[in-house]
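Subject: Structure handed over, with notes

Dear colleague,

Please find below the structure I promised to pass on, with its sequence.

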Amino acid sequence: MQSLGMIENWPVPTAATAVVRADGTVAGTHGPTDHRFALASVTKLLAAYAALVAYEEGAVELDEPAGPEGSTVRHLLAHTSGLAFDEHRVMSAPGTRRLYSNAGFEVLGDHIAKATDIPFGEYLRQAVLEPLGMTATALEGEGSPAKDGVSTVDDLVRFAAEVQAPRLLDARTVAAAMTVTYPGLKGVLPGYGHQNPNDWGLGFEIRDSKAPHWTGGSSSPRTFGHFGQAGTFLWIDPDAGAACVALTDRPFGPWAVEVWPTFTDAVLREL
């Protein structure tokens with residue numbers, strides 16, 4: 001795919017990208033796809049998938065108490081527990097606001113670790129990474145399930161293929177994860193300001209009609225995924241029947257706001 005070569009013009013030291021279709025075939029790659037990058041918040045996609053495996057295994061229930069009073073596993077996954085961004089401090093009642101929360105994912109990781117009697121990083125490895133052959137992916141130093149993952153484009157292609165054609169989870173569970181949870185809630189999309197509504201599924205951000213946004217102007221409203229402050233993103237567009245991964249080693253900033261949507265639109269045109 002010629003569009004993938006656009007990353008050569010990004011103002012970053014290192015970048016790699018790939019597109020994988022819904023049938024698991026790789027449409028194209030560019031850059032060092034075996035290079036390990038910090039994922040930042042793209043880590044949340046892997047953590048959420050592990051949480052859904054824990055749910056299907058019966059270790060946790062989506063509506064069992066977890067986090068602040070009145071909050072559940074579902075609230076934590078959907079950023080509606082009421083916890084602050086990076087502090088274990090309650091800012092609102094559960095289910096009333098979309099408060100994007102690293103703290104919420106850390107509470108979720110602790111909850112699953114207690115339920116399974118396995119450290120969350122190890123549970124993630126056993127439940128998701130190892131079955132998918134994601135050997136270069138890990139939570140660094142048993143770090144935060146919100147932001148401390150490292151991975152390669154090659155590994156995230158395996159993950160994106162799994163989400164599009166699930167083998168580790170029931171397809172209905174994945175469909176629920178990419179469906180708006182607690183619809184109609186306002187909130188801030190980090191880096192892009194207030195969004196009304198600020199729609200989210202179970203760990204997956206949903207594009208819908210958000211503007212501005214890190215995906216493309218031609219991305220379908222059903223597009224879902226995540227971007228990270230490490231200059232990373234993974235989107236899946238069901239209408240296009242494909243997913244795109246892009247990893248860099250420059251922190252997110254105005255450069256990404258400028259180049260990512262143009263890049264995504266070029267990829268979608270070529271698909």
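This is a predicted model: local features need pLDDT of at least 70, side-chain atom pairs count only at pLDDT 80 or more; totals for chains, interfaces and linings use all residues.

Strand E1, which covers residues 15-21, has six of its seven residues buried, so this strand is largely enclosed by the rest of the structure. Two strands pair with E1: strand E11 (residues 242-248) runs antiparallel to it and is joined to it by seven bridges, while strand E2 (residues 26-30) also pairs with it in the antiparallel sense, over four bridges.

Another set of strands is arranged as an open sheet, in which three strands follow the order E3-E5-E4 with antiparallel pairing. Strand E3 (37-40) and strand E4 (138-139) stand at the edges and have a single partner strand each, so one side of each is left without a neighbour in the sheet. The pairing of E3 with strand E5 (residues 149-151) is antiparallel and extends over three bridges, and here Ala 40 stands opposite Gly 149 in E5.

Turning to the helices, helix H1 (residues 43-56) packs against helix H4 (residues 120-132) at an angle of about 75°, with the axes 9 Å apart. Because angles of 65 to 115 degrees count as roughly perpendicular, H1 is described as roughly perpendicular to H4. On the H1 side the contact involves Leu 46, Ala 47, Tyr 49, Ala 50, Val 53 and Ala 54, and these meet Phe 120, Tyr 123, Leu 124, Ala 127 and Val 128 in H4. The residues of this contact divide into 11 nonpolar, no polar and no charged.

Finally, the largest nonpolar core has 57 residues, and those with the most contacts inside it are Leu 77, Val 128, Leu 156 and Phe 159. H1 supplies the largest share of this core, with 10 residues. Leaving aside residues up to four places away in sequence, Leu 77 touches a set of residues that includes Ala 48, Ala 51 and Leu 52, as well as Phe 105, Leu 108 and Trp 200. Apart from this core lies another, of 26 residues, with Leu 4, Ile 7, Trp 235 and Trp 255 among them.

With best regards

Terms used: Residues are numbered from 1 along each chain as its sequence is written. Side-chain values use heavy atoms; hydrogens and water are left out. Axes are lines fitted to C-alpha atoms, for helices over the stretch in contact, and angles run from 0 to 180 degrees between N-to-C directions. Angles under 35 degrees count as roughly parallel, over 145 as roughly antiparallel, 65 to 115 as roughly perpendicular and the rest as oblique. Contact means heavy atoms within 4.5 Å. Ala, Val, Leu, Ile, Met, Phe, Trp, Tyr, Cys and Pro count as nonpolar, Asp, Glu, Lys and Arg as charged, and the others, Gly among them, as polar. A nonpolar core is a set of buried Ala, Val, Leu, Ile, Met, Phe, Trp, Tyr and Cys residues joined through side-chain atoms within 4.5 Å. Buried means under 20% relative accessible area, exposed over 50%, partly exposed in between (1.4 Å probe, protein chains only). Two strands pair if DSSP finds at least two bridges between them.
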